[in-house]
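Me: I would like to go through the charged pairs, the surface and the helix packing of this structure, taking one point at a time.

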Amino acid sequence: MTESILRNSGALLSLLQIKNKDDYTFLHSVSVCALLVAFCRSRGMIDDIIYQAGLGGLLHDTGKALVPDTILNKQGSLSDAEFEIVKRHPRDGHDILSRTQGIGPIPLDITLHHHERRDGSGYPERQAKGDISELAQMAAIVDVYDAITSDRCYHKGIAPA
């Protein structure tokens, strides 16, 4: 991760936006990065793809920097209107990162599509099966895994096993 950040100062600035916004989101982003790198390595992917996927995992929630704290850290259920605001974070993150020098197509794809679901129920584009890239699907898996195994103000994490 250190090499990644040193090679790409734009990534560092985006990561700092996340860190300044919310400690949980920052730690979650680091976890998603590490889990996605391990997942890619276990699948035998080449180092450059693993690097790009890791960068995508690290930056996938950049758009949450634009979500109001009252919504991001709400203890109860989100209203429909609040959830619509949260659902904008993949596109917002993609927009931010697309203006960041040195961010390639893989991190952009992961950022935009990490909430898409194979049955078409995800967001922001309601993509399904064959339309979602393999790396975005892998990012979605580790994103959910880390979220459900982590303690949040509105959720007690379940054991990783």
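Reply: At 26% relative accessibility, K74 counts as partly exposed, where buried means under 20% relative accessible area, exposed over 50% and partly exposed in between (1.4 Å probe, protein chains only). The model is predicted, so that local features need pLDDT of at least 70 and side-chain atom pairs count only at pLDDT 80 or more, while totals for chains, interfaces and linings use all residues. Residues are numbered from 1 along each chain as its sequence is written, and side-chain values use heavy atoms, with hydrogens and water left out.

Me: Which side chain does K74 meet in a salt bridge?

Reply: Side chains of opposite charge can pair when their charged atoms come close. A salt bridge here is a side-chain nitrogen of Lys or Arg within 4 Å of a carboxyl oxygen of Asp or Glu. The N to O distance for K74 is 2.7 Å, and its partner is E82.

Me: Is E82 buried or exposed?

Reply: The relative accessible area of E82 is 18%. Because buried means under 20%, E82 counts as buried.

Me: What is the relative accessible area of D61, the salt-bridge partner of K64?

Reply: The closest N and O atoms of K64 and D61 are 3.6 Å apart. K64 counts as buried at 15% relative accessibility. D61 is buried as well, with a relative accessible area of 1%.

Me: What is the handedness of the crossing of α8 and α9?

Reply: The axes of helix α8 (residues 105-113) and α9 come within 9 Å and cross at roughly 50°. That makes α8 oblique to α9, since angles under 35 degrees count as roughly parallel, over 145 as roughly antiparallel, 65 to 115 as roughly perpendicular and the rest as oblique. The crossing of α8 and α9 is right-handed.

Methods
Axes are lines fitted to C-alpha atoms, for helices over the stretch in contact, and angles run from 0 to 180 degrees between N-to-C directions. Helices (H or I, at least four residues) and strands (E, at least two) are DSSP runs, numbered from the N terminus. A crossing is left-handed if the near helix is turned anticlockwise from the far one by less than a right angle, and right-handed if clockwise.
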